[in-house]
Amino acid sequence: MVSRARFSEGLSRLFDRAALFARGGDRQQQAARDALAAGRPLEARTLARELAEQMPDSPSVLALWAETAAACGLDEEATQVLMRLAERVPWRHEVWIAVA
């Protein structure tokens with residue numbers, strides 16, 4: 001039997017991905033990930049923030065923004081974004097650990 005939290009989380013992820021894809025954000029998200037992996041955190045952060053303007057409640061976008069802000073050494077910004085993410089997905093323990 002699937003727990004309600006896991007079912008809800010799965011649906012949330014599915015709808016998040018679908019919304020991201022529908023708005024064309026999947027390419028921009030990948031570009032931000034690629035920039036981050038290539039050691040260009042400022043470029044990645046810019047892309048993540050632009051994406052967050054289009055999809056301010058997307059858990060995957062918020063997570064990417066927090067990761068890029070942290071990579072830029074912007075701890076306060078990363079924490080604020082993680083708090084927004086924690087409000088959106090309170091059942092994700094790793095978000096709470098990252099906030100702490």
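Trainee: How many helices and how many strands are there in the protein chain?

Mentor: The protein chain has six helices and zero strands, where helices (H or I, at least four residues) and strands (E, at least two) are DSSP runs numbered from the N terminus. Along the sequence the pattern reads α-α-α-α-α-α. This is a predicted model, in which local features need pLDDT of at least 70 and side-chain atom pairs count only at pLDDT 80 or more, while totals for chains, interfaces and linings use all residues. Residues are numbered from 1 along each chain as its sequence is written, and side-chain values use heavy atoms, with hydrogens and water left out.

Trainee: Where is confidence lowest and where is it highest in the protein chain?

Mentor: pLDDT is the predictor's confidence in each residue, from 0 to 100. On that scale the mean is lowest in helix α1 (residues 4–22), at 55, and highest in helix α3 (residues 41–54), at 95. The protein chain averages 78, and 63% of the residues score at least 70. Where pLDDT is low, the predicted coordinates should not be read in detail.

Trainee: Why does threonine 68 count as buried?

Mentor: Buried means under 20% relative accessible area, exposed over 50%, and partly exposed in between (1.4 Å probe, protein chains only). Threonine 68 has 0% relative accessibility, so it counts as buried. The residue sits in helix α4 (residues 59–71). Not counting residues up to four places away in sequence, threonine 68 touches Leu36, Pro41, Ala44, Arg45 and Ala48, a contact being heavy atoms within 4.5 Å.

Trainee: What makes glutamine 30 partly exposed?

Mentor: Its relative accessible area is 36%, so glutamine 30 is partly exposed. Glutamine 30 lies in helix α2 (residues 25–37).

Trainee: Why is glycine 39 called exposed?

Mentor: Glycine 39 has a relative accessible area of 55%, and is therefore exposed. Glycine 39 belongs to the loop between α2 and α3. Its C-alpha atom is separated by 9.0 Å from that of alanine 71, 32 residues apart along the chain.

Trainee: How do you know that aspartate 57 counts as exposed?

Mentor: The relative accessibility of aspartate 57 is 51%, so the residue counts as exposed. Aspartate 57 is in the loop between α3 and α4. Leaving aside neighbours within four places in sequence, aspartate 57 is in contact with Leu62 and Arg88. The C-alpha atoms of aspartate 57 and arginine 88 are separated by 7.2 Å, at 31 residues apart along the chain.

Trainee: Which residues have the most contacts inside the largest nonpolar core?

Mentor: They are Leu62, Trp65 and Val81, in a core of 15 residues. A nonpolar core is a set of buried Ala, Val, Leu, Ile, Met, Phe, Trp, Tyr and Cys residues joined through side-chain atoms within 4.5 Å. Helices α3, α4 and α5 (75–88) each supply at least two residues of this core, and α4 gives the most, with six residues.

Trainee: Why does valine 81 count as buried?

Mentor: At 3% relative accessibility, valine 81 therefore counts as buried. Valine 81 lies in helix α5 and, neighbours within four places in sequence aside, is in contact with Leu62, Trp65 and Ala66. The C-alpha atoms of valine 81 and leucine 62 are separated by 6.3 Å.

Trainee: Why are α4 and α5 called roughly antiparallel?

Mentor: Axes are lines fitted to C-alpha atoms, for helices over the stretch in contact, and angles run from 0 to 180 degrees between N-to-C directions. Angles under 35 degrees count as roughly parallel, over 145 as roughly antiparallel, 65 to 115 as roughly perpendicular and the rest as oblique. α4 and α5 pack at an angle of about 160°, with their axes 8 Å apart. The two helices are therefore roughly antiparallel to each other.

Trainee: What makes α3 roughly antiparallel to α4?

Mentor: α3 and α4 pack at an angle of about 150°, with their axes 8 Å apart. That makes α3 roughly antiparallel to α4. Residues making the contact include Pro41, Ala44 and Arg45 of α3 and Trp65 and Thr68 of α4.
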